[in-house]
Amino acid sequence: EPNLQTALTLIIEQYNHCKLDYNISFHTTWLYCHDNNTEFRYCILAGKIIISRICFANRRSGCMTACFETLKQFASILGYSTIQIQSVLTYEMQQWCLKHNFIPDVFNMLIKDEQSRNVITGNYEYKIHKSERTKHHV
């Protein structure tokens, strides 16, 4: 979906002060910046938007939340019911997922990070309710 790619590119460039390049392969779009280690990779497959890589130069700036709002809008318009974040590995990303009502997969694993915090690693899913699908317009 080229409009989704454009919208995410604008958001990520604005929040991370970089110029993104992109690579599209099959159903996967990889947005990346060589200058500051910023990247965002997602695919649209089987009625889901799947985010498989997130790395922002400027963390805790609202970039992921802005991307999520855009992803929700596109998912609702395209009729997708799920946004999945794959391979959550950090406490910070786990907290972001939980704050935004993502549910950890039943097969996720509980670990302790280097600061002895509990982290449920693995995939997290957000289900888009029918009421959300009708209120977004792109």
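**View 1. The loop that holds H17, between α1 and β1.** H17 lies in the loop between α1 and β1, where helices (H or I, at least four residues) and strands (E, at least two) are DSSP runs numbered from the N terminus. The coordinates are those of a predicted model, in which local features need pLDDT of at least 70 and side-chain atom pairs count only at pLDDT 80 or more, whereas totals for chains, interfaces and linings use all residues. Residues are numbered from 1 along each chain as its sequence is written, and side-chain values use heavy atoms, with hydrogens and water left out. Phi of H17 is near 50°, a positive value in a residue other than glycine. Most residues other than glycine have a negative phi. H17 counts as exposed because its relative accessibility is 66%; exposed means over 50% relative accessible area, buried under 20%, and partly exposed in between, with a 1.4 Å probe and protein chains only.

**View 2. The whole chain, shown as the setting for the close-ups that follow.** The secondary structure of the chain comes to four helices and eight strands, and from the N terminus on the elements run α-β-β-β-β-α-β-α-β-β-β-α. The C-alpha trace spans about 40 × 40 × 25 Å along its principal axes. The radius of gyration of the chain is 15 Å, which agrees with the value near 14 Å that a compact globule of 138 residues would have; this radius is taken over C-alpha atoms, and the globule rule is 2.2 Å times the number of residues to the power 0.38. Of the 138 residues, 43% count as buried. The accessible surface comes to about 8,200 Å², of which 52% belongs to carbon and sulfur atoms, as computed by the Shrake-Rupley method with a 1.4 Å probe. Among contacts between residues at least 6 apart in sequence, 52% join residues at least 24 apart, a contact being heavy atoms within 4.5 Å.

**View 3. The largest nonpolar core and the surroundings of I85.** The largest nonpolar core has 33 residues, and those with the most contacts inside it are F40, I83, I85 and F102; such a core is a set of buried Ala, Val, Leu, Ile, Met, Phe, Trp, Tyr and Cys residues joined through side-chain atoms within 4.5 Å. At least two residues of this core are supplied by each of α1 (2-16), β2, β3 (38-45), β4 (48-55), α2 (63-78), β5 (82-88), α3 (91-99) and β8 (118-127). Helix α2 gives the most to this core, with eight residues. Leaving aside neighbours within four places in sequence, I85 is in contact with I51, I54, M64, M93, W96, C97, F102, G122, N123 and Y124.

**View 4. S25 in strand β1 and T28 in strand β2.** S25 has its place in strand β1 (residues 21-25) and counts as partly exposed because its relative accessibility is 36%. Although S25 and C43 are 18 residues apart in sequence, their C-alpha atoms are 9.3 Å apart in space. T28 is found in strand β2 (residues 28-33) and, with a relative accessible area of 26%, is partly exposed. Not counting residues up to four places away in sequence, T28 touches N23, R41, Y42 and C43. By C-alpha atoms, T28 is separated by 23 Å from N108, which lies 80 residues apart from T28 along the chain.

**View 5. S87 in strand β5, with T121 and N123 in strand β8.** S87 is found in strand β5 and has a positive phi of about 55° although this residue is not a glycine; at 47% relative accessibility, S87 counts as partly exposed. T121, in strand β8, is buried, with a relative accessible area of 13%. Residues up to four places away in sequence aside, T121 touches V88, L89, N108, M109 and I111. N123, also placed in strand β8, is partly exposed, with a relative accessible area of 24%. With the same exclusion of residues up to four places away in sequence, N123 touches Q84, I85, Q86, S87, I103, P104, D105 and N108. N123 and C97 are 26 residues apart in sequence and, C-alpha to C-alpha, 10.0 Å apart in space.
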